[in-house]
Amino acid sequence: MTIKVLLVDDERLIRAGLAAIIEAEDDLTVVGEAADGTEVPGEVHRLRPDVVLMDVRMPRLDGIQATRHILDTVPGPPRIIVVTTFENDEYVYDALKAGAHGFLLKRTRPEEILQAIRMVAHGDSLLFPAAIRELAAHHGPSGGRGGARWHERLTEREGDVLRLMAKGRSNAEIAQDLFVSPQTVKTHVGNILAKLQARDRTQAVILAYETSFITPG
């Protein structure tokens, strides 16, 4: 299966560089480009990409608003990776809260960009524990969705799984840590996302930090 990618960046040079990296791969293809977030909804509807690489800072409609609009209005929306220059960019934190499936720095090595595209296309989130922790520490607790009470709905084991998710552990690794099967972990993760009303693991971890269920440090 060929993974279809839409590139969104107001800098033509950045788009050209990403396109060259992606088009060199047999299983990836660039189906379109956009220079601003205002163009993205129409291009997503027209081209039906699997993954959108979205610049987080654009002049008219930024990556946060574009991400939120796509995920709220497009049936079966694409996976979204936001791209930024600075690791502690507050825009990135807000984009992840809006539902982006991960983020990349513009200086990321080509092989890591390709791996990230494949990961999110196959349903995984780009959860970088240290980066998320730093963003959360910089942003500070905000009370989050429903204040601190949401974690009362989690079982003790689900809380354990969420803490390990925040460390970037995969389902298989969590299963080893807790001496349970990967399928059991998958069930726990699904329950956590449902109870937190989170789209993915990244959103769940951010909410855990925001409500001080997990503290950075």
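Q: Hi! Does the size of this chain agree with a compact globule, or disagree?
A: It agrees: for 217 residues, a compact globule would have a radius of gyration near 17 Å, and the chain has 17 Å. Keep in mind that this is a predicted model.

Q: Okay, and what box do the C-alpha atoms fill?
A: Along the principal axes, that box is roughly 50 × 35 × 30 Å.

Q: How many helices and strands are there in the chain?
A: There are 10 helices and five strands.

Q: What do the strands form?
A: The five strands make an open sheet with parallel pairing, and their order is 2-1-3-4-5.

Q: Which strands stand at the edges, and why is one side of each left without a neighbour?
A: Those are strand 2 (28-34) and strand 5 (102-105).

Q: How are neighbouring strands turned against each other?
A: On average by 25°, with direction ignored.

Q: Let's zoom in. How many bridges join strand 1 and strand 2?
A: Six bridges, in the parallel sense, with strand 1 covering residues 3-8. If you want a spot to look at, find I3, which stands opposite L28 in strand 2.

Q: Now the helices. Where does helix 2 lie?
A: Helix 2 (residues 40-47) lies across strand 1, strand 2 and strand 3 (51-55), and runs at about 165° to strand 1.

Q: And which strands does helix 3 touch?
A: Helix 3 (residues 63-73) touches strand 3 and strand 4 (79-84) as it packs on the sheet. Its direction makes about 155° with that of strand 3.

Q: Changing topic: how much of the chain counts as buried?
A: Of the 217 residues, 48% do. In soluble globular proteins, nonpolar side chains tend to be buried together.

Q: Which residues in the largest nonpolar core touch the most other members?
A: That core has 53 residues, and the ones you want are M54, V82, F103, L162 and M165. Helix 10 (residues 201-210) gives the largest share of this core, six residues.

Q: What does V82 touch, leaving out residues up to four places away in sequence?
A: Among its contacts are M54, V92, F103 and L104.

Q: What other core lies apart from the largest one?
A: Another core, of 19 residues, which includes L28, L53, I117 and L126.

Q: Last one! What share of the contacts with a separation of 6 or more comes from residues 24 or more positions apart?
A: Such residues account for 69% of those contacts in the chain.

Definitions and conventions: Residues numbered from 1 in each chain as written. Predicted model: local features only at pLDDT ≥ 70, side-chain atom pairs only at ≥ 80, totals over all residues. Heavy atoms only, no water. Pairing = 2+ DSSP bridges. Helix = DSSP H or I, 4+ residues; strand = E, 2+ residues; numbered from the N terminus. Axes fitted to C-alpha atoms, helices over the stretch in contact; angles between N-to-C directions. Contact = heavy atoms within 4.5 Å. Rg over C-alpha atoms; globule rule 2.2 N^0.38 Å. Buried < 20%, exposed > 50% of the residue type's maximum accessible area, 1.4 Å probe, protein only. Core = buried A, V, L, I, M, F, W, Y, C linked by side-chain atoms within 4.5 Å.
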